[in-house]
Structure formats: structure tokens, C-alpha cells
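Have a look at the sequence and the structure, and then we'll go through some details together.

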Amino acid sequence: MSLQLGDTVPDFTQESTEGTIQFHQWLGNGWGVLFSHPKNFTPVCTTELGAVAKLKPEFEKRNVKVIGLSVDPLKDHHTWSKDIEETQGAKLNFPLLADADKKVSNLYGMIHPNASDTMTVRSVFIIGPDKKLKLSITYPASTGRNFDEILRVIDSLQLTAQYKVATPVNWQHGQDCIIVPAVTDAEADKMFPKGYKKLKPYLRVTPQPNR
Ligand code: BEZ
């Protein structure tokens with residue numbers, strides 16, 4: 001069965017561009033993003049890895065470690081990383097797993113045989129400090145991801161882990177949040193000192209609590 005939200009993510013040991021990674025130990029006590037891309041020396045993947053390298057400070061600000069994967073050998077990763085730097089203007093600054101034996105890809109269900117039985121799809125896994133899966137998204141090989149969206153989801157996950165709120169459609173950091181239905185009005189009065197608007201008994205809107 002595929003990995004589901006709330007599952008503890010599988011641990012593994014695999015080679016990477018930054019040495020051998022023992023995954024749970026490497027994650028430590030922070031958040032993690034593990035993402036696969038189909039193949040080295042391919043155009044969309046080249047743009048994605050450059051974009052993630054440029055966003056590294058944004059991930060660090062949120063205490064998130066990022067790690068990529070493809071089913072290619074380590075020596076190819078090193079050669080390709082020069083192309084990434086040359087064409088995208090960003091040096092690979094996070095580890096890229098060399099999963100030529102498909103150990104991690106199979107463990108995480110990153111190969112979808114009816115799409116391709118040799119390449120991984122574009123999987124994204126967001127992992128919490130408890131090593132549990134908080135989000136997974138799958139994109140096809142032909143569509144490059146929007147990593148700003150991944151950061152947006154991390155902002156929501158980190159906020160909702162701390163406060164009894166959820167985030168509405170298209171929410172961005174700093175915007176109003178929704179008080180979760182399990183909280184009574186009496187509790188909300190104490191929990192949300194900035195107040196809230198009650199549009200319906202189940203739809204109560206409050207300013208982002210930690211701003
Ligand atoms: C790409 O990264 O450009 C790509 C990889 C595999 C299939 C199609 C596109």
C-alpha cells in the first residue's frame with residue numbers, strides 16, 4: 001500500500017552528493033522535504049533543481065531540510081550539477097540521492113509503472129519533526145513543480161501544528177485563518193485575543209495568530 005498521510009516515513013541509507021545519508025538521522029528534529037525527479041540531464045529537472053537551490057534560504061528559515069532523488073549513479077549527479085550551475089545560475093546546495101538501485105524510489109512508491117517503469121515521477125513528501133508524512137503530491141514528468149506552493153504549504157502546516165486553526169483557499173502567510181470547528185466559541189474567545197468574525201457557526205475567521 002502507498003504511503004499515506006500520518007504514516008511514519010520509511011528510513012533508509014543511501015548514497016548522495018553529500019555522502020551517505022541515513023535518512024531519519026539526517027532529518028534530525030526538524031522538518032524535511034524529499035522529492036524525486038525523473039532523470040538527470042533532462043530539461044525540466046534541470047530548472048527544478050536550480051530553483052530549489054535558490055530557495056534554500058527560504059527552507060532554512062522554516063527549519064526544513066531538502067533532499068532530492070533520481071535513479072541515476074552518483075558520478076552522473078556530479079557531472080550534471082555543473083550543468084545546473086551553468087544554466088540556472090545556482091550551485092546544487094542540498095543533497096541529491098543517487099538511487100540507481102531504486103531502493104528509496106520503491107520504498108516511497110516513486111515509480112508509477114503505468115507512467116514509466118524506469119523513471120520516477122515527480123513526487124514531493126513533506127515530513128514533520130515527528131517523522132510523519134504531512135503532505136504528498138505527485139506531478140507527471142512533463143510538468144515542473146511550483147516550489148513556492150511547497151513553501152506555502154509548509155507555512156500552513158507549521159502554523160496549524162501550533163494553533164487550532166486551518167488555512168482557507170489560496171491562503172498566504174500573513175492572511176486570515178479559520179478557527180477549527182472543534183473549538184467552541186467560549187474557547188475561541190480565550191484562544192484568539194485578536195478576536196474573530198463569525199460568518200456562520202462553522203466559519204469563524206481570525207487574524208493569523210502568530211503575526
Ligand atoms: C524533464 O525533466 O525535462 C523530463 C524528464 C522526463 C520526461 C520528460 C521531461
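## Aromatic pairs

Let's begin with the rings. This is a predicted model, and the count of aromatic pairs in it comes to eight. Take Phe 35 and Phe 94: their ring centres are 6.0 Å apart and their planes meet at 45°, so this pair is tilted. Phe 35 belongs to strand 3 (residues 31-36), while Phe 94 is in the loop between helix 4 (74-88) and strand 5 (96-98), so the pair ties together parts that are 59 residues apart in sequence.

Phe 41 and Trp 80 make another tilted pair, with 6.3 Å from centre to centre and 50° between the planes. This one also links distant parts of the chain, as Phe 41 is in the loop between strand 3 and helix 2 (43-54) and Trp 80 is in helix 4, 39 residues apart. Are these two residues buried or partly exposed? Phe 41 has a relative accessible area of 42%, so it counts as partly exposed. Trp 80, at 1%, is buried.

Some rings gather in a group. Phe 12, Phe 23, Trp 26, Tyr 108 and Phe 125 form one aromatic cluster.

Five strands make up an open sheet with mixed pairing, and their order is 5-4-3-6-7. Which strands stand at the edges? They are strand 5 and strand 7 (133-139); each has a single partner strand, so one side of each is left without a neighbour in the sheet. From one strand to the next, the twist averages 20°.

Strands of a sheet pair through backbone hydrogen bonds, and the pairing can be parallel or antiparallel. Back in this model, strand 6 (residues 122-127) and strand 7 pair in the antiparallel sense, over six bridges. Ile 126 stands opposite Leu 135 of strand 7. As for the helix that lies across strand 4 (64-70) and strand 5, that is helix 4, running at about 145° to strand 5.

How does strand 3 run relative to strand 4, parallel or antiparallel? The two run parallel and are joined by six bridges, with Leu 34 opposite Ile 67 in strand 4. Strand 3 and strand 6, by contrast, run antiparallel and are joined by four bridges. There, Gly 32 has Ile 127 of strand 6 as its bridge partner.

Thr 120 is in the loop between helix 5 (103-107) and strand 6. Why does Thr 120 count as buried? Its relative accessibility is 3%, and buried means under 20%. The side chain of Thr 120 reaches the backbone oxygen of His 37 at 2.8 Å. Leaving out residues up to four places away in sequence, Thr 120 touches several others, including Ser 36, Pro 38, Leu 69 and Met 110.

Ile 178 is found in strand 9 (residues 177-179). Ile 178 counts as buried as well, at 18% relative accessibility. Setting aside neighbours within four places in sequence, the contacts of Ile 178 include Lys 164, Pro 168, Leu 203 and Val 205. The C-alpha atoms of Ile 178 and Pro 201 are separated by 12 Å, and these residues are 23 apart along the chain.

## The whole chain

Stepping back, the chain has seven helices and 11 strands. Its C-alpha atoms fill a box of roughly 60 × 40 × 30 Å along the principal axes. Of the 211 residues in the chain, 45% are buried. Among contacts between residues at least 6 apart in sequence, 65% join residues at least 24 apart.

Note on methods: Residues numbered from 1 in each chain as written. Predicted model: local features only at pLDDT ≥ 70, side-chain atom pairs only at ≥ 80, totals over all residues. Heavy atoms only, no water. Phe/Tyr/Trp six-rings, centres within 6.5 Å; stacked < 30°, edge-to-face > 60°. Buried < 20%, exposed > 50% of the residue type's maximum accessible area, 1.4 Å probe, protein only. Pairing = 2+ DSSP bridges. Axes fitted to C-alpha atoms, helices over the stretch in contact; angles between N-to-C directions. Contact = heavy atoms within 4.5 Å. Polar contact = N/O pair within 3.5 Å; in protein donor to acceptor, adjacent residues only side chain to side chain.
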